[in-house]
Amino acid sequence: MNFLASLLILLGTFSVISTRGLREEFTWSRISYDWPAGTPPRFGGGEISFPRGRYDRTTGRTTTRRSSTSRPTGSTTSRPDTNDAYYIYQNNIPMGANVWNEKLFITVPRRRVGVPSTLNYIWVNSSQHHNVPLKPYPDWESNSLEASGDKFVSVYRVAVDGCDRLWFVDTGRIETPGNPDQIQPIALVIMDLKTDRVLQRHVFNSSVLRSGTSLASVTVDVEDDKCGDAFAYIPDLGGFGLIVYSLREDRAWRLNHNYFSFEPVAGEFMIGGHRFQWNDGIFSIALSDLKSDGHRDAYFHSMAGFNQYRVSTRVLRNETLSTRSYHDTDFEHVGSRGPLSQTSSSDLHKTHGILFLGLVNQNALACWNIATPLSDISIVHKNDETMIYPSDVKVSGDTIVLLTNTMPVFLYGTLDYDRTNFRVWVESVDMAIRGTKCDKSRRSKS
């Protein structure tokens with residue numbers, strides 16, 4: 001089926017209603033940073049090594065190697081927005097956004113060289129809303145590849161829990177095409193947001209990883225009054241599996257299921273004027289509110305897929321149940337979202353039971369009330385110019401936060417860095433779904 005035919009079917013599948021949608025809160029044409037004293041760290045003398053070393057997952061060792069690039073000598077007062085080995089603005093593509101108190105976290109994974117800081121934030125009450133410089137979190141040293149000991153190498157998306165903790169996977173990898181560098185082992189990092197200190201760094205054992213492993217998101221399952229009993233669910237989109245981590249046991253295990261793989265008929269994408277094929281499997285996990293049995297439903301999907309699935313956290317939290325070879329009816333096929341419904345990130349507003357989905361092939365955000373048929377999925381906001389590639393979807397309290405980053409144009413074309421490329425959109429959940437089939441008040445009147 002060609003793209004136009006799919007589009008015509010789509011118009012009859014999704015509820016497209018005139019809604020207020022989301023509002024642009026922060027925008028960037030290019031990413032820059034809040035440099036100390038107005039200049040990049042170490043800019044202005046000698047040489048740098050980039051990267052510092054390579055981590056071998058098999059041996060568990062980091063080998064040092066130097067790949068030096070000359071730096072200009074002497075002092076400089078020029079703005080640090082030109083290319084050098086430390087900072088190449090064209091390679092700084094934000095992928096994730098999340099909120100805690102007055103901080104808006106923005107992640108910039110090291111998909112190329114020239115990314116000075118991967119974990120960053122800006123103040124949500126900033127008077128500046130365009131091209132706000134990112135502040136490394138918690139500081140420059142933690143994000144520096146030249147720092148001694150553990151550092152933050154490459155972070156895609158972060159989770160914030162009700163215990164004031166920040167969770168993320170550090171892939172430890174610089175993904176330079178054709179020459180990737182594994183600087184340090186893949187690890188789950190948990191930080192105390194009140195003290196800005198690392199609480200836990202769990203290095204994943206090779207038994208839960210695969211040769212194609214790609215860990216780009218994490219979802220935290222915890223009750224606010226049971227902070228020590230937290231679990232993390234980490235999709236392996238490249239290895240087609242799911243990693244579960246128990247904080248109390250400081251232990252991780254891996255689940256395998258056919259539903260975690262990509263769907264061959266859903267691998268065709270047309271985004272930002274570029275046609276391509278992807279085979280990303282399970283991409284994100286969204287959790288419902290607690291049910292009567294004390295567990296939640298975990299909703300998931302493959303990026304290259306049209307179908308929606310769910311499984312009880314009763315299964316995920318139990319290593320024996322989750323790792324058995326046959327799952328019988330543990331996993332449920334909820335249904336198909338329809339053509340062109342390939343989804344990146346998703347998150348669920350637990351109070352209302354509203355699942356939000358980033359529809360990458362439609363440049364849109366959709367919603368679905370999980371208490372209704374999947375056919376009731378509705379478009380919240382769609383724009384083929386300003387909402388290209390919804391990369392991250394988060395529900396923070398009663399607010400929806402969406403980051404779009406035009407990434408396929410970066411990968412397959414050329415971004416114009418004098419135009420707005422990256423956006424963080426926000427809106428209250430109630431306002432975002434007003435007028436859609438997710439709006440309970442609308443359904444009660446119909």
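The model is predicted: local features need pLDDT of at least 70, side-chain atom pairs count only at pLDDT 80 or more, and totals for chains, interfaces and linings use all residues. Residues are numbered from 1 along each chain as its sequence is written, and side-chain values use heavy atoms, with hydrogens and water left out.

**Confidence.** pLDDT is the predictor's confidence in each residue, from 0 to 100. The protein chain has a mean pLDDT of 88, and 84% of its residues reach 70 or more. pLDDT stays under 50 over residues 43–55 and over residues 57–80. Where pLDDT is low, the predicted coordinates should not be read in detail.

**Sheet.** Strands pair if DSSP finds at least two bridges between them. Strand 17 and strand 18 pair over six bridges.

**Rings.** The rings of Trp35 and Tyr86 have centres 6.5 Å apart and planes at 50 degrees, so the pair is tilted (centres within 6.5 Å; under 30 degrees is stacked, over 60 edge-to-face, the rest tilted). Trp35 is buried at 7% relative accessibility (buried is under 20% relative accessible area, exposed over 50%, partly exposed in between; 1.4 Å probe, protein chains only).

Two charges sit over rings (NZ of Lys or CZ of Arg within 6 Å of the ring centre and within 35 degrees of the ring normal):

| Charge | Ring | Distance from ring centre |
|---|---|---|
| Arg30 | Tyr89 | 4.0 Å |
| Lys103 | Tyr121 | 5.2 Å |

Notes:
Helix = DSSP H or I, 4+ residues; strand = E, 2+ residues; numbered from the N terminus. Contact = heavy atoms within 4.5 Å. Phe/Tyr/Trp six-rings, centres within 6.5 Å; stacked < 30°, edge-to-face > 60°.
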